[in-house]
Amino acid sequence: MPASAKRATKKRATNQSAWKALAAHYKKVSKLHLRKLFADDPKRGQRMALEAVGLYLDYSKNRVTDETLRLLIRLAEQSGLRERMDAMFRGEKINITENRAVLHVALRAPKGSTILVDGKNVVPDVHAVLDRMAAFSNRIRSGDWKGYTGKRIRNVVNIGIGGSDLGPVMAYEALKHYTQRDLTFRFVSNIDGTDFAEAVQDLDPAETLFIISSKTFTTLETMTNAQTARAWSLKAFGSDEKSVAKHFVAVSTNAAEVSKFGIDTANMFGFWDWVGGRYSMDSAIGLSTMIAVGPENFRGMLDGFQQMDEHFRSAPFAANVPVLIALLSLWYNDFFGAQTVAVLPYEQYLKRFPAYLQQLTMESNGKHVTLEGKPVAHDTAPIYWGEPGTNGQHSFYQLIHQGTRLIPCDFIAFTETLHPLGRHHDMLLANVFAQTEALAFGKTAEQVKAEGTPDWLVPHRVFEGNRPSNIILAEKLTPQALGKLVALYEHAVFVQGVIWNIDSFDQWGVELGKVLAQRIIPELEKNPAPPLKHDSSTNTLIRRYREVKQKK
């Protein structure tokens, strides 16, 4: 067992007293209502709030007391959180199943910083790639880069999947206000041919650049789409292979495969195995983002990441925004049995943020064994989901308010809008504040009756309340603010993984399905049909598909 896992095992033994104390505490406070907590403490709303690096966190509408918070912080301390944080920032190989460092924080470290991996300072390499990205982005944005026929590039299509897609898509949508509007951006990830067909349907190949994002340049979905893009592009240029270098660039580390594809390796942008895919949007994987918003705004986003990194690294746990967000979510997940967290951005530009968080949180902490390979003793990652407000209010909020499930909510809002249109923003923020108030305090039967409601209708109009929520407020959605928000959740994921004693940085759970798919592909395509050795259901489905396919 690696030394890092042994250290974690040692911490795990002392972890139990804090966990048991929390379990006993839960029995005492689980029935407490937020109505009483606020009535007993008139200044609770001011007291249970925290401002750091431009974010304001109101966590007062959580079902916690001062003692709850004290015990949760003690749990973090006994889990060895501080030591694990320091190990991550030092570049130790805390991803033990892959024997890798975990250094997404190095991607936004300022020039002049020192972060070592195997004795080498990686920060200069990071900035060398950023500088190359900036030079390339400026050539595309200015029109200096010309396609094969001499036309300027007006369309950029990012082809990737998972972290090579979700981060760039989310960032593009989130920062659309800052994008260069004479450029069109599309994103292709799904191996379903519809995704590619719709993305390029109205594009001129002579004005289109493809960014192929795959670390190994072998990812099934990405390379299938890349080959389709290559064929689509070549068809427009009389199959001249020289055109590929003018319309394709790569984000990869496999120079041989990139060159074989026809891409000039001078236009290959690398990253490192100490950056997991879901943590890579601020690496070369963000090349499409940088082209869209420009190098200056991209560096602004990196600055936001770095500010949150430093806050996380240096702030005491009781005043640490990622730590508090993590501990509160863990409190509901492991003690109240809440299985989900709703992330509700009241900002249309953040419409893809919940989808981005799904990979970040659930691929990271959806684990069933500890660092030592033993079954976990507690539930790990809750399910993250959500939609922008106010749309969700007319969709699933009914379940959150009056359903039988406890669903903690994170509301994200901005005090200043990027589009000051009449009263829109006042109405938007009024809804944020109203929803958290309604969730916390509800509406009693007595209040409903006082409105003159018939007795038979009263139960239907009662709101139980006591539904917990956080509000995260920032001034305005800037590139810097986006970096802070993403880093906030990155570090919250890390905190929970430490407490659950799991490896948040591998993702073996995605492998089995990939392996089986590779086995099944030839069984769908070969003639004559090969013998099938799956279960009866899978065999029947394969045969049915082949029969239908052969009739076409």
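1. A pocket is an open set of points on a 1 Å grid over the protein atoms alone, with protein on both sides within 12 Å along at least five of seven lines; a cavity is a set of points where a 1.4 Å probe fits but cannot get out; lining residues have an atom within 4 Å of a point. The model here is predicted, with local features needing pLDDT of at least 70 and side-chain atom pairs pLDDT 80 or more, while totals for chains, interfaces and linings use all residues. Residues are numbered from 1 along each chain as its sequence is written, and side-chain values use heavy atoms, leaving out hydrogens and water.

2. Start with the second largest pocket. Its volume is about 370 Å³, a volume being the space filled by probe spheres set on the points, with grid points joined across faces, edges and corners. The lining has 14 residues. Glu347, Gln348, Thr417, His424 and Leu428 lie nearest the centre. By class there are 5 nonpolar, 8 polar and 1 charged residues. Ala, Val, Leu, Ile, Met, Phe, Trp, Tyr, Cys and Pro count as nonpolar, Asp, Glu, Lys and Arg as charged, and the others, Gly among them, as polar.

3. The largest pocket holds about 1,000 Å³. It is lined by 39 residues, and Thr219, Gln507, Val510, Glu511 and Lys514 lie nearest its centre. Two or more lining residues come from each of α7 (163-174), α9 (220-236), α15 (353-365) and α21 (511-525). Helices (H or I, at least four residues) and strands (E, at least two) are DSSP runs, numbered from the N terminus. Which element gives the most to this lining? That is α21, with 5 residues. The lining divides into 13 nonpolar, 17 polar and 9 charged residues.

4. The whole structure has 5 cavities of 30 Å³ or more. Of its 13 lining residues, Ser329, Tyr332, Pro408, Asp410 and Asn470 lie nearest the centre. α14 (321-336), β12 (409-414) and β13 (469-474) each supply at least two lining residues. The most come from α14, with 4 residues. This lining has 8 nonpolar, 4 polar and 1 charged residues.

5. The second largest cavity contains about 60 Å³ of space. Its lining includes Arg84, Ile94, Leu371, Phe494 and Phe505. Helix α20 gives the most, with 3 residues. By class the lining has 6 nonpolar, 2 polar and 2 charged residues.

6. Buried means under 20% relative accessible area, exposed over 50%, partly exposed in between (1.4 Å probe, protein chains only). This core has 125 residues, and Trp274, Phe353 and Leu482 have the most contacts inside it. A second, separate core of 21 residues includes Val200, Leu203, Ala250 and Phe261.

7. What does Leu482 touch, leaving aside neighbours within four places in sequence? Leu482 is in contact with Met170, Ala171, Ala174, Leu175, Met301, Leu350 and Leu477. Contact means heavy atoms within 4.5 Å.

8. Last, a hairpin. Strands β1 (residues 49-52) and β2 (residues 55-58) pair in the antiparallel sense over 4 bridges. Two strands pair if DSSP finds at least two bridges between them. Ala52 has Leu55 in β2 as its bridge partner. The hairpin has 2 residues between β1 and β2, and Val53 in the turn has a positive phi of about 40°.

Conventions
Core = buried A, V, L, I, M, F, W, Y, C linked by side-chain atoms within 4.5 Å.
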